[in-house]
Amino acid sequence: MTSDDALDQFRHIARERAFGRHVGSDRLIQAGLDALIAGVESPSLAMLAGLLRSEEPEAPELFGQVLDELGLLFHPPSDPRAAKWAMGYWIAGQIADGSLDPAAGTHLIWADIAYDLGYPEELEPLCTARTT
């Protein structure tokens with residue numbers, strides 16, 4: 001893994017967390033370890049990467065600290081509808097770049113976004129495809 005790959009992984013996890021997805025402490029610690037091995041430098045990164053199993057509850061706070069130190073904090077829009085649309089665009093981007101299976105991505109958009117937005121017309125082709 002390159003340092004760019006490690007930073008991309010941090011960005012991805014930051015968005016997952018910002019959009020309310022659960023990310024386990026083990027995954028946060030592993031991302032820290034991957035970044036450390038890849039040569040990413042941050043004052044708190046070694047602490048995150050070196051957490052023991054008994055210290056896992058500290059991982060979310062340390063992960064956030066590392067994101068801040070690296071300038072990778074992500075805050076979705078404060079308006080709930082705008083946040084759902086931002087999440088939809090993020091998922092669609094993953095489908096387009098090949099990092100997310102199209103079926104899994106469209107399911108996420110249909111189940112987590114279209115429903116909350118009241119099945120807007122813009123997502124109707126996607127929603128219709130899911131129900132047939």
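Tyr119 is partly exposed, with a relative accessible area of 38%, and its place in this predicted model is the loop between helix H6 (102-114) and H7. The backbone of Tyr119 has a phi near 50°, a positive value in a residue other than glycine. That deserves a remark, since most residues other than glycine have a negative phi.

Confidence should be kept in mind while reading on. The protein averages a pLDDT of 92, and 95% of the residues score at least 70. Among its elements, helix H7 (residues 124-131) has the lowest mean pLDDT, 62, while H4 has the highest, 98.

The largest nonpolar core has 21 residues, and those with the most contacts inside it are Phe10, Leu48 and Phe63. Helices H1, H2, H3 and H4 each supply at least two residues of this core. Apart from it lies another core, of 10 residues, which includes Met87, Ile91, Ile109 and Leu117.

What does Phe10 touch, leaving aside its neighbours within four places in sequence? Phe10 is in contact with Ala31, Gly32 and Ala35, with Leu45 and Leu48, with Phe63, Val66 and Leu67, and with Leu72. At a relative accessibility of 0%, Phe10 counts as buried.

Ser25, Leu28, Ile29, Ala31, Gly32, Asp34 and Ala35 are the buried residues of H2, and they pack against helix H1 (3-18), helix H3 (45-49) and helix H4 (59-70). An α-helix has 3.6 residues a turn, so residues three or four places apart point the same way. After H2 comes Gly39, whose phi is positive, near 95°.

Phe63 is buried, with a relative accessible area of 0%. The rings of Tyr115 and Tyr119, by contrast, have their planes at 80° and therefore form an edge-to-face pair, and Tyr115 is exposed, with a relative accessible area of 53%. The table sets out the geometry of these pairs.

| Pair | Centre to centre | Angle between planes | Kind |
|---|---|---|---|
| Tyr115 and Tyr119 | 6.2 Å | 80° | edge-to-face |

Elsewhere, ring pairs link Phe19, Phe74 and Trp90 into a cluster.

A last stop is Pro77, which is found in the loop between H4 and helix H5 (80-97). Is Pro77 buried, partly exposed or exposed? With a relative accessible area of 36%, Pro77 is partly exposed, because that value falls between the limits of 20% and 50%. Not counting residues up to four places away in sequence, Pro77 touches Ala82, Ala83 and Ala86. Pro77 and Met87 are 10 residues apart in sequence, and their C-alpha atoms are 9.8 Å apart in space; Met87 is also one of the residues of the 10-residue core.

Conventions
Residues are numbered from 1 along each chain as its sequence is written. This is a predicted model: local features need pLDDT of at least 70, side-chain atom pairs count only at pLDDT 80 or more; totals for chains, interfaces and linings use all residues. Side-chain values use heavy atoms; hydrogens and water are left out. Buried means under 20% relative accessible area, exposed over 50%, partly exposed in between (1.4 Å probe, protein chains only). Helices (H or I, at least four residues) and strands (E, at least two) are DSSP runs, numbered from the N terminus. Contact means heavy atoms within 4.5 Å. pLDDT is the predictor's confidence in each residue, from 0 to 100. A nonpolar core is a set of buried Ala, Val, Leu, Ile, Met, Phe, Trp, Tyr and Cys residues joined through side-chain atoms within 4.5 Å. Rings of Phe, Tyr and Trp (its six-membered ring) pair if their centres lie within 6.5 Å; planes under 30 degrees apart count as stacked, over 60 as edge-to-face and the rest as tilted.
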